[in-house]
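Open the model in your viewer and keep the sequence panel beside it. The tour moves from the whole chain to single side chains.

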Amino acid sequence: MASANSGKGGSRLQAKFFTHQKQYSVAETPFSVPANIVVSDLSDLINKLLSEDKTEKEYRHVDFDFLINGEFLRFALSEHLEANGISTETVVEIEYVEKFPSPQPVGSVLHDDWVSCVKGCSDRILTGCYDNHIRIWDTDGKVLYTFEYHTEPVKSVAWIKKDTDKCTFASGSHDQTILIWEWSEESQTQRCLYCCRGHARSVDSVAVDDSASRICSGSFDKTIKVWSTAQGEESPPENSEQERKKVKTDTPKPSTRTPLVTLEGHKEAVSSVLWLTENEVCSASWDHTMNIWDINTATHISSLTGTKAFLNISYSKQSKLIASGSVDRHIRLWDPRQQEATVVHSSLTHHAGWVTSVSWSIDNQHQLLSGGYDKQFKMWDIRSPKAPLYDMAGIKDKILAVDWSIPELLLCGAADNNLHVFSSGGIKLHPSEDGETMER
């Protein structure tokens, strides 16, 4: 049995280290370590083992995090074991992983009003704003196009399809409509293809299924509706006086589209919708429930019940868990496959105000973002539920939307009129010629 001298003196215990990151593997030999050893000392120990057959110039120091039974070590080892009822008389198995780097602010993109929604895709970012406009940005912070047709604030945006040249996306608005757009980057032309009508109040959430053939929408009218994205026979364009006032006379009017399915059952406004599978949708509401629906039969399957109004939900395809943000300041994780609708993990509690937006990492089943009315933008790892992994500073007003659809970029829209961008990859935003990008 080897001995590690890192840490302060006192009682000792036996620990065995392992990792799933093969490039950092060490011999799984039990070590005698101080009972009160902390993360930094454990990291130094692993680095010492990894560097033993290398020269100082050949080896690069790596910061590691440590997990015991799937939960991050955040206190002295003995404290963690005692708090979790783990015996110190047997060999403690400790997993180690490379520590996720601290996200750094790389720029803020100024809008004309509150940034109410944001969605990334590859190297492009969509934002919706209270100035009624939608914008497409590149990851350097340059605005590529501004879309005008909505007559009231834009509350939700979602990519439908993105090709090398053309892309299509959807937007939902206070004006009770969902618009389906097509944009060509090469020719710098856009068309508003369809205007989806049927909601009686603000459309606060839109989501596109994996096949990109259907859109789901949630509204303050308490209903959920499903729409087709396919191009086909439509109702003729609107010609009313109200419609003519919306846009310039030379702007082609979109065809009107009606819903394929309408789902009713919520008692209050629907705040957020998402697709769980090809034919299942989840809706969150101010009535303290999340409902799961079968789209094919237009029937209610099950409900997840909370204690306060739900403001936003996000689904992880990797972990199959739903994260919810609520007015009670908590983030909760739910397993929609469990009929008893129990919380599968302890609440993530660190916000001081309404949690308005949550977003799972697109490629990491353990990590998610949250933002709230407390101006706090947080990164979480669900293996460390008692505190966020990182807090991102610099937001000056309440947060309305967060997104982690681009792995290297953490996006946040706020009532300070900015899209805030954070990254761990050293990316920098560059000011655009029209001055719409603000460097920190």
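Start with the surface of the whole chain. This predicted model exposes about 19,800 Å², and carbon and sulfur atoms supply 46% of that area. Of the 440 residues, 54% count as buried. Switch to cartoon: the chain has three helices and 36 strands. Now turn to contacts between residues at least 6 apart in sequence: 51% of them join residues at least 24 apart.

**Stop 1: a nonpolar patch.** Select W286, W354 and Y373. Together they make a nonpolar surface patch of about 280 Å². Center on W354, which sits in the loop between strand 28 (348-349) and strand 29 (355-360). W354 is partly exposed, with a relative accessible area of 33%.

**Stop 2: strand 4.** Select residues 64-68. Is each face of strand 4 covered or open? Both faces are covered. F64, F66 and I68 lie on one side, D65 and L67 on the other, and all are buried.

Next, show the partners of strand 4. Strand 6 (residues 92-98) pairs with strand 4 in the antiparallel sense, over four bridges. Strand 5 (residues 71-72) also pairs with strand 4 in the antiparallel sense, over two bridges. Pick L67 to see both pairings: L67 stands opposite E95 in strand 6 and opposite F72 in strand 5. Then look at the hairpin of strands 4 and 5, which has two residues between the strands. There N69 takes a positive phi near 55 degrees.

Stop 3: In soluble globular proteins, nonpolar side chains tend to be buried together.

Center on L77. Leaving aside residues up to four places away in sequence, L77 touches L13, V33, A35, N36, I37, I68 and I94.

**Stop 4: salt bridges.** The structure holds 17 salt bridges. Select D112 and R135, whose side chains meet in one of them, at 3.3 Å from N to O. D112 lies in the loop between strand 7 (104-110) and strand 8 (115-121), and R135 in strand 10 (residues 133-138), so the pair ties together parts that are 23 residues apart in sequence. Color the two by accessibility. D112 counts as exposed, at 57% relative accessibility, whereas R135 is buried, at 3%.

Move to D123 and R124. Their side chains meet in a salt bridge at 3.6 Å, N to O. D123 is partly exposed, with a relative accessible area of 31%, while R124 counts as buried at 12%.

Finish at D328 and R332. Are these two residues buried or exposed? Both D328 and R332 are buried. The closest N and O atoms of their salt bridge are 2.8 Å apart.

Note on methods: Residues are numbered from 1 along each chain as its sequence is written. This is a predicted model: local features need pLDDT of at least 70, side-chain atom pairs count only at pLDDT 80 or more; totals for chains, interfaces and linings use all residues. Side-chain values use heavy atoms; hydrogens and water are left out. Buried means under 20% relative accessible area, exposed over 50%, partly exposed in between (1.4 Å probe, protein chains only). Contact means heavy atoms within 4.5 Å. Accessible areas come from the Shrake-Rupley method with a 1.4 Å probe; for residues, only the protein chains shown count as cover. Patches are made of residues with over 30% relative accessible area and no salt bridge: like charges are joined within 9 Å, nonpolar side chains (Val, Leu, Ile, Met, Phe, Trp, Tyr) within 5 Å. A salt bridge is a side-chain nitrogen of Lys or Arg within 4 Å of a carboxyl oxygen of Asp or Glu. Two strands pair if DSSP finds at least two bridges between them.
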